[in-house]
Amino acid sequence: MEIVYVYTKKRSEFGRQCNFSDRPAELHVDILPDPSLAANFIDRDPCDVPIQCTQEMSEHEVNTERIEYETCGINHVEGGWPKDINPQEMEQTIRFRKKVEKDENYVNTIMQLGSHMEHCIRQNNAIDIYQEYFEEEEVVEETEEQPSAKTINVFRDPNEVKRTATSLSWHPDGSRKLAVAYSSLEFQKVTKDMSYDSYIWDIENPNKPEMTLKPVSPLVCLEYNSKDSHILVGGSYNGQIAYWDTRKGSQPVEMSTIEHSHRDPVYKVIWLQSKTGTDFFSASTDGQVLWWDIRKMSEPTERLVLDPTKEGKLENALGAISLEFETTMPTKFMVGTEQGLVVSCNRKAKTPAEKIVCTYSGHHGPIYALQRNPFFPKNFLTVADWTARIWSEDIRESSIMWTKYHTASLSDGCWSPVRPSVFFTVKMDGTLDVWDFLFKQNDPTLSLKVCDEALYSIRVQDNGRFLACGSQLGTTTLLEISSGLCTLQKNEKALAAMMFERETKREKILEARHREMRLKERSRSEQSKEDEAKEGEGEESSEELVARIEKEFYEMIETEMKNRGKDEKKEKDGVKCRHLALEQWRCVLWSDESRFLEQRLQARPSCPTSVSDLTNALLEEWSKVPIITLLNLVESLPRRVEGVIAAKDGPTSY
């Protein structure tokens, strides 16, 4: 209940209106403090009385209308021709040029401009406009900042049914656009309402894609043409290849025919360095590498079957899942396979069998990423199973450097385009790892949790500062890394080269050692097989063994004596020595064996009582003499012969 009491007073009772004016302060009364009055003062209990003197306000919210932005482009064509001349007709333009070139005004103008141009050229030749005046001065080293990365933008799949961002490609001019291929790689998980579209995004506008690409089958890979930024080529899930011209709309300009396309999803396409800029090649898990020209997409221009037996059989082929082509090596290319092998190929070989040069093995699963180092093309990076490995072309047995085994499997990786020692990897737990092997070898320099779902693809911008990561649910995250990770450090190239060379030498030494050990093991196994074969043939009788050893001994003595000379005295000495050595051999053999037989006879449980029992016992014990005993005697014969020769018919230590 609210009680209101109104006080009323007439205006006439207010009295005269107050008029205020400024004047100096005046002191009318001054009451001095009286301490005696303090005793009469009674303290009042504390009492808080709030008084609100402000006006009551209320807060209101207004949702303004959102403005959607749309990017439009203008295609500039050749102009400046007269109306009666069609620029597309070559004959008309040539005729008009000849007519203009004969005009005196044109000739005079060219002559005047030619003198000015000649002056400018002479001036440029006299003065170096690109001269560095402060090249020798030392650059002040900046303070080292901690490696970091921050999210700039997030591009999400606009469709309700989310698909995996399987491939990323930066626009070659300025890198202000990003092409993303979307498809579902899970077998038989494609639903009827799943979209086939892929998109081109403006990196400053994550709300709406700039352009939509409409293939007949979901795109697994997508790549910009570095020579013509309007052209893109994509590989589809059904094995077909298509290319788009962004000036001509969302539909593909031309597609490969089904019968001449791949039989499995196309996992990688790469543009080739050619004069026309229209050539590219593709790889698929059907085991084929196909070369194409966008001017004729009806069939491939060349075909290679990745058969390791070099027979060209498709049933034996290795499934290709990644490709690598370096422009400085126009004839070489590399293929990463599902079986964990890297196949090095030579396109210019004469026969298909010669095109497969060699293989590199070291991974336990499909190689999802394969890229050469931009600064050292002989070294390349592979990403597969739970590790990333760095290889040298010179060593095929094993990689020269590798990361530790992670708990989550790796799905993609790439080198930094500006730093030779930095590379990036993404994992199935949504983590981005930045590695700098000059700084750390065992752990990543920076590990960043990008999202909760698995990351499937990564691509770095040409300046090395921005990188994009595609996830399983179609989310593409744009990240900016710190300047330290995208700025070439002092002496970094030399240090990286030294490390690559050192690790390559180390692996070569280990490889040679392993090869030597394998050869020893092989020879040992062959020797054991030969021994087993000899034992399996059955033991030789004592007479046969003695005859064979005597024959070998005579041949050895005769060869030795022939080498020592053919004079008469030495020949006589040799004959004597031969007879003495033979006698000693017989004495040694039979004396040693007789002692051996005597010992074995004494060790028998019952002694022979007759000549026949003794003969049988001797034959039985003789058959039990190990072959190794006779072989040891044979091996000691050269030393015994040398002792006889040195003693000159005298006694020896034997």
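In which sense do E10 and E11 pair, and over how many bridges? In this predicted model, the two strands run antiparallel and are joined by 5 bridges. Within this pairing, Ile 270 has Phe 281 of E11 as its bridge partner.

Strand E24 (residues 431–436) has 6 of its 6 residues buried, so it is largely enclosed by the rest of the structure. In a regular strand, side chains alternate between the two faces of the sheet. Both faces of E24 are covered: Thr 431, Asp 433 and Trp 435 are buried on one side, and Leu 432, Val 434 and Asp 436 are buried on the other.

Strand E23 (residues 422–427) runs antiparallel to E24 and is joined to it by 5 bridges. Val 426 is placed opposite Leu 432 of E24. Between E23 and E24 the hairpin has 3 residues, and Gly 430 shows a positive phi near 85 degrees. E24 pairs as well with strand E25 (residues 446–449), antiparallel and over 4 bridges. In that pairing, Asp 433 stands opposite Ser 447 of E25.

**Strands E6 to E9**

An open sheet of 4 strands is arranged in the order E6-E7-E8-E9, with antiparallel pairing. E6 and strand E9 (254–255) stand at the edges with a single partner strand each, so one side of each has no neighbour in the sheet. E6 is joined to strand E7 (residues 231–236) by 5 bridges, and Cys 221 has Gly 235 of E7 as its bridge partner.

| Strand pair | Bridges |
|---|---|
| E6 and E7 | 5 bridges |
| E10 and E11 | 5 bridges |
| E23 and E24 | 5 bridges |
| E24 and E25 | 4 bridges |

**The largest pocket**

Rolling a probe the size of a water molecule over the atoms shows where empty space is left. The largest pocket holds about 1700 Å³ of space. Its lining is made up of 50 residues, and those nearest its centre are Glu 223, Lys 268, Ile 270, Gln 371 and Arg 459. Ile 270 is also the residue paired with Phe 281 of E11.

Several strands contribute at least two residues each to this lining, among them E2 (164–170), E6 (219–224), E10 (266–271) and E26 (455–460). E22 gives the most, with 6 residues. By type, the lining residues divide into 27 nonpolar, 14 polar and 9 charged.

Ser 169 is found in strand E2 and is buried, at 2% relative accessibility. Ser 169 and Gln 461 are 292 residues apart in sequence, yet their C-alpha atoms are 9.0 Å apart in space.

Most residues other than glycine have a negative phi. Asp 385 is not a glycine but has a positive phi of about 35 degrees. Asp 385 sits in the loop between strand E19 (379–384) and strand E20 (387–392), and at 8% relative accessibility it counts as buried. Asn 491 likewise has a positive phi, near 60 degrees. Asn 491 is in the loop between strand E28 (476–481) and helix H4 (492–537), and it is exposed, with a relative accessible area of 52%.

**Cysteines and aromatic rings**

How many disulfides are counted in the model? The count is 0. A disulfide requires two cysteine sulfur atoms within 2.5 Å. For Cys 469, the closest cysteine sulfur is that of Cys 451 at 8.0 Å, which is too far for a bond. Cys 469 is buried, with a relative accessible area of 0%, and Cys 486 is also buried, at 12% relative accessibility.

The count of aromatic pairs is 17. Ring pairs link Phe 155, Tyr 182, Tyr 199 and Trp 201 into a cluster.

Definitions and conventions:
Residues are numbered from 1 along each chain as its sequence is written. This is a predicted model: local features need pLDDT of at least 70, side-chain atom pairs count only at pLDDT 80 or more; totals for chains, interfaces and linings use all residues. Side-chain values use heavy atoms; hydrogens and water are left out. Rings of Phe, Tyr and Trp (its six-membered ring) pair if their centres lie within 6.5 Å; planes under 30 degrees apart count as stacked, over 60 as edge-to-face and the rest as tilted. Buried means under 20% relative accessible area, exposed over 50%, partly exposed in between (1.4 Å probe, protein chains only). On a 1 Å grid over the protein atoms alone, a cavity is a set of points where a 1.4 Å probe fits but cannot get out, and a pocket is an open set with protein on both sides within 12 Å along at least five of seven lines; lining residues have an atom within 4 Å of a point. Grid points are joined across faces, edges and corners, and a volume is the space filled by probe spheres set on the points. Ala, Val, Leu, Ile, Met, Phe, Trp, Tyr, Cys and Pro count as nonpolar, Asp, Glu, Lys and Arg as charged, and the others, Gly among them, as polar. Two strands pair if DSSP finds at least two bridges between them.
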